[in-house]
Amino acid sequence: MQVGVVMGSRSDYDTMNGTLDVLRQLGVMYEVRVLSAHRTPDLLASYAARAERLNFTAIIAGAGGAAHLPGMLAAFTRVPVLGVPVQSRALSGQDSLLSIVQMPAGVPVATFAIGAAGAKNAALFAAAMIATHAPDVRGRLDAFRAAQTRAVLDDPYFDGQ
Ligand code: RP5
């Protein structure tokens, strides 16, 4: 396994599916779990230990509201944690973002944008980490980026200036 993808609730799935789509597209091996810092704290701790034992390259953790999942995982493991703030209903994800990004010095979480963009970019970031030592993933990531560039340049509204 290269990447663990976790989310605080099944209700985060629509957002985190963006992560899974990109990982599949780039041929990155992953597993998915629902884990909650508040509702399943013991499971969170054992998952962090397992991720370290299995030598995951990264854990992508999406959570909303009082989004303590990424930070608590980072507290339990040295496996790099990439945090995705899920857009909450009450505060539009500002709460999620601040809960994830404002970690105390010494316990880092790499924090991405709120919602769909963050979910996709966390997967691309994990793929870039893996690409440093896996030429197959590097090739697919380069192809993804080239296609994205082409899509802009081929847009009929782009005048080439
Ligand atoms: C967080 O609380 C989850 O990550 C989710 O975004 C939010 C709401 O969870 P549910 O009440 O929908 O299960 O832990």
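In this predicted model, S1, H1 and S2 form a β-α-β unit, and the unit is right-handed. S1 and S2, the latter spanning residues 30–34, run parallel to each other and pair over five bridges. Within this pairing, Val3 faces Tyr30 of S2.

The loop that links strand S1 (3–7) to helix H1 (13–25) holds Ser9. Asp12 is located in the loop between S1 and H1 as well. Both residues belong to the set around the ligand, which also comprises Gly8, Ser11, Ser36, Ala63, Gly64, Gly65 and Val86. By class, six residues of this shell are polar, two are nonpolar and one is charged. The unreviewed UniProt entry lists Ser9, Asp12 and Arg39 under "binding site".

Beyond its neighbours within four places in sequence, Ser9 contacts Val34 and Ser36. Ser36 is itself one of the residues around the ligand.

Asp12 has 23 other C-beta atoms within 10 Å. The threshold for a buried residue is 20 or more, so Asp12 counts as buried. With neighbours within four places in sequence set aside, the contacts of Asp12 are Met7, Gly62, Ala63, Gly64 and Val86.

Definitions and conventions:
Residues are numbered from 1 along each chain as its sequence is written. This is a predicted model: local features need pLDDT of at least 70, side-chain atom pairs count only at pLDDT 80 or more; totals for chains, interfaces and linings use all residues. A residue is near a molecule or strand if its C-beta atom, placed from the backbone, lies within 6 Å of it. Ala, Val, Leu, Ile, Met, Phe, Trp, Tyr, Cys and Pro count as nonpolar, Asp, Glu, Lys and Arg as charged, and the others, Gly among them, as polar. UniProt positions are given in the numbering used here, feature names are shortened, and annotations may be inferred rather than shown by experiment. Helices (H or I, at least four residues) and strands (E, at least two) are DSSP runs, numbered from the N terminus. Two residues are in contact if their C-beta atoms, placed from the backbone, lie within 7 Å. A residue is buried if 20 or more other C-beta atoms lie within 10 Å of its own, exposed if 12 or fewer, and partly exposed in between; C-beta atoms are placed from the backbone. Two strands pair if DSSP finds at least two bridges between them. A crossover is right-handed if, with the strands pointing away from the viewer, the path from the first strand over the helix to the second runs clockwise.
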